[in-house]
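My entries follow in the order in which I made them.

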Amino acid sequence: MTQRLPASLTPLDVALAALLRGLEPLTVVELPLREALGCVTAELPPLKAYPPHDVAAADGWALRARDLVGASSYTPVPLTMPSVWVEAGDQMPNGCDCVIDADSVDETSPIAQVLTEAIPGQGVRRIGGDIADGFVVAGSSRFGPLDILLARAAGLEKMRVRRPRLGVVNVPSIKGEEVTVQLIQESARSAGAEVVYTEAASRDAACIAEALDAASCDLLVTVGGCGIGRTDATVVALAQRGEVVAHGIGLRPGRTSAIGRIGNTPVIAVSGSTDHALAAWWTLALPAVDRLSGRQPRRTAVLPLARKIASSVGIAEIALLGRNDDSWVPLALGDLPFEAIVSAQAWLMVPGSSEGFAAGTPVAAYMLCE
């Protein structure tokens, strides 16, 4: 059986709605902080204050500011209480409310003298200065390196997250290339998904169908073999294992993409061509991963276009954008060469209902680096 595209393409918004139908955020799991990196967080109980008490912010002498009034190199003030040396991070001694550096105390005389004034809190990090008591970590956002810093400071060893299991099935390329499937795997991990990788033994429908193990994942993405070439059989294999909802999406690049289901698991078939796969990843797979993760809407940046974008009516097109001062500069539309992909700072979906955007039109583009 030879794969063929239908006479009319499925509009992108229709395909996406069908793909997301019935998808709900996954059950929350607890992971060690390192494993949780990149995942989408669930809300945590309020955190306790950090530091839990006043601590020295620098090395020096811990003193009481009111005892230092008027002190200078011309009018040294004898210390009426024993001076205490503290290191940065040490708990402040009782009765002390400032830290002054070593050179500000003269210890050459029998009675130590202070050579400078200070104000309460100088050289001190107050209780709750880093984390206020009762601070709530917002859920539904990506857990990044700085979030790990906050969690460790709060004494947490695990983080509550949602981490989809994304099955990636590679349909081997005739030329043996793996650039595209590697990109999809890396993009999935960056989105907070756990990747379960499988490679079909061959490009025929039977081998591909055998590799489509939907039971072990929340979302299945196949890479390669979804076109209309003589050796393409991924969509035929999907039909054998489950249901093909749509083959041929109104998306450029990415029109040979397909969506379907095996049981309750949604399946997305993307091309082995890198730009086609990337467009399908951004517009179909990533929204599904975000839905499963319970993630907040992704960040966009609104800037005017430096030049017009002329698009074809009836098909959604992907534009790659670079930023120049306070405007978006179109780098590529529809066909996305590697040079434009690696140079772009954002991407924009021009809907099929539009003929494009005039120069100066403010557009909301998705940032490629978050």
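Predicted model: local features only at pLDDT ≥ 70, side-chain atom pairs only at ≥ 80, totals over all residues.

**Helix packing and core**

I began with helix α4 (residues 179-190) and α7, whose axes lie 9 Å apart and pack at an angle of about 25 degrees (axes are lines fitted to C-alpha atoms, for helices over the stretch in contact, with angles running from 0 to 180 degrees between N-to-C directions; helices are DSSP runs of H or I of at least four residues, and strands runs of E of at least two, numbered from the N terminus). That angle makes α4 roughly parallel to α7, a word I use for angles under 35 degrees. I noted the crossing of α4 and α7 as right-handed, meaning that the near helix is turned clockwise from the far one by less than a right angle.

Residues are numbered from 1 along each chain as its sequence is written, and side-chain values use heavy atoms, with hydrogens and water left out.

I then listed the contact (heavy atoms within 4.5 Å): V179, T180, L183, I184, S187 and A188 come from α4, and T274, A277, L278 and W281 from α7. I sorted the residues of this contact of α4 with α7 into 7 nonpolar, 3 polar and no charged (Ala, Val, Leu, Ile, Met, Phe, Trp, Tyr, Cys and Pro count as nonpolar, Asp, Glu, Lys and Arg as charged, and the others, Gly among them, as polar).

Next I checked helix α1 (residues 12-20), whose axis comes within 10 Å of that of α7 and crosses it at roughly 30 degrees. The two helices α1 and α7 are therefore roughly parallel to each other, and their crossing is right-handed. Here L12, A15, L16, L19 and L20 in α1 meet T283, L284, P287, A288 and R291 in α7, and by class I find 8 nonpolar, 1 polar and 1 charged residues in the contact of α1 with α7.

Of its 45 residues, L166, L219, V221, I268, W281, W282 and L320 touch the most other members. Helix α7 (residues 274-293) gives the most to this core, with 12 residues.

Terms used: Core = buried A, V, L, I, M, F, W, Y, C linked by side-chain atoms within 4.5 Å. Buried < 20%, exposed > 50% of the residue type's maximum accessible area, 1.4 Å probe, protein only. Parallel < 35°, antiparallel > 145°, perpendicular 65-115°, else oblique.
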